[in-house]
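Here's a quick walk through the inside of this protein. Have a look at the model first, then read on.

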Amino acid sequence: MTGPATPDPVVLRAPRLLDGTGSPPVTDAALLLDGGRIAYAGPAAGLPEGAGRVPVLDFPGATLLPGLVDAHVHLVASGGPDLAADVPRTEAERALAAVVNARRQLEAGVTLVRDLGAPGAEAVLVGRAVEAGTVAGPRVVASGPAVTMTGGHIPYLGRVADGADAMRAAVRANLALGARCIKVVATGGVLTMGVDPREPAYTQQELDALVDEAHRLGLTVAAHAIGEGGVAAALRAGVDSVEHGMFLDEAAIELFLQTGARLSATFLAPRGILGGPSVPGWIKDRARPAAEAQTRSFRAAVSAGVPAVAGTDAGTPDNPHGGVAREVACMAEAGLDVLLAVRAATGEAADLLGVGDRGVLRQGAAADVLVADGDVAADIAALQRPAAVFQDGRRVV
């Protein structure tokens, strides 16, 4: 099967450009897209000779940015009030849900996602279909089933493993499914009864074994970790990102700085739970303490220099797909500089996912572009107004 034809060259013009690195905006900006790659990014006056013969699309009042990256999604889930009930029971239904949700992400300007938990290879296969051009959606870096303990969080999106040897075996089993990263559930969670969200789920030896095996096989590791003890254990093991991290003390923040791990706060997850009118009361009760601590922990972390990435936990209660622009706004409201918040959803997140030629606007990078209707640096809500989306140089929205 052959992929889609190479798109024709095109020049995009807008009053400003943000390149995904956190640098100040380029004004009177232009992008030259050619062969699915960025041939030029910068001031319009610097367009290379010959660009005058290329068709121009002008976007007055807009900002050119890299396609957005959502570093934490669940494509098989669609944001119903109870995640366990929302995940379809059959593999075919889950795959169809993932296709629909991938399209929703793309329509919101998201061109790359990291899927952190599905019962099987559903997200892996959707990602392959996107790359083949048979399904519309963002590129997908998928973990396969999350690795969770007996009696632990989200077993319906996971693979149960107990003991160091079983942790290594779980990594290998996910690799066999096509996983490009691993997710481990290092604490309890708010959506599953049992282990308290602030309590560690695994021993240090178990986490050490999982991370060692994943890194040996070239896979990064994301750790679901809400409480301080689980966050610290995951960071000591060497995980590459911590998901949620609502309760962070000085020791945990210092471990972030020592290891270089990223923090994916997922502000939209507790907001959806607490704001959802049909979310079960016991879930709200488990989520409320974490939500109350989240902004304080995030502000302390980013103020200390912990690198942040944007992840929504899309698919959890009242948290539909396509919301990463709102997550960026939440991060800015919680104290992250606006340009760094944009970088968290572009260059920083793409680098974490190991896709360094995406998430940035520079010569030679993949031509994934979001055209936002407005001045994003002055009005972060403009990210929620996509005027156009280009993927590999082709206009898809």
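Two residues count as being in contact when they have heavy atoms within 4.5 Å of each other. Keep in mind that this is a predicted model.

## Leu 64 and its surroundings

Leu 64 sits in strand 5, which covers residues 63-66. Its relative accessible area is 0%, so Leu 64 is buried. Setting aside neighbours within four places in sequence, Leu 64 is in contact with Leu 12, Ala 14, Arg 16, Leu 17, Leu 18, Ala 30, Leu 31, Leu 361, Leu 370 and Val 371.

How far apart are Leu 64 and Val 376 in sequence and in space? They're 312 residues apart along the chain, yet 9.2 Å apart from C-alpha to C-alpha.

## The nonpolar cores

Val 376 turns up again in the largest nonpolar core, which has 85 residues. Along with Leu 210, Phe 256, Phe 298 and Leu 383, Val 376 touches the most other members. Helix 10 (residues 324-333) supplies the largest share of this core, with 7 residues. Another core of 20 residues lies apart from it, and its members include Ala 146, Ile 226, Ala 287 and Ala 293.

Back to Phe 298: beyond four places in sequence, its contacts include Leu 263, Phe 267, Met 331 and Leu 336.

## A buried lysine

Lys 183 belongs to strand 11 (residues 181-185). This lysine is buried but has no salt bridge. The nearest side chain of opposite charge is Asp 313, 5.5 Å away, and a salt bridge would need the atoms within 4 Å.

What lies 3.2 Å from a polar atom of the Lys 183 side chain? That's the backbone oxygen of Leu 116. Lys 183 is also in contact with residues including His 72, His 74, Ser 143, Ala 146 and His 224.

Note on methods:
Residues numbered from 1 in each chain as written. Predicted model: local features only at pLDDT ≥ 70, side-chain atom pairs only at ≥ 80, totals over all residues. Heavy atoms only, no water. Core = buried A, V, L, I, M, F, W, Y, C linked by side-chain atoms within 4.5 Å. Buried < 20%, exposed > 50% of the residue type's maximum accessible area, 1.4 Å probe, protein only. Helix = DSSP H or I, 4+ residues; strand = E, 2+ residues; numbered from the N terminus. Lys, Arg positive; Asp, Glu negative; His and termini not counted. Polar contact = N/O pair within 3.5 Å; in protein donor to acceptor, adjacent residues only side chain to side chain.
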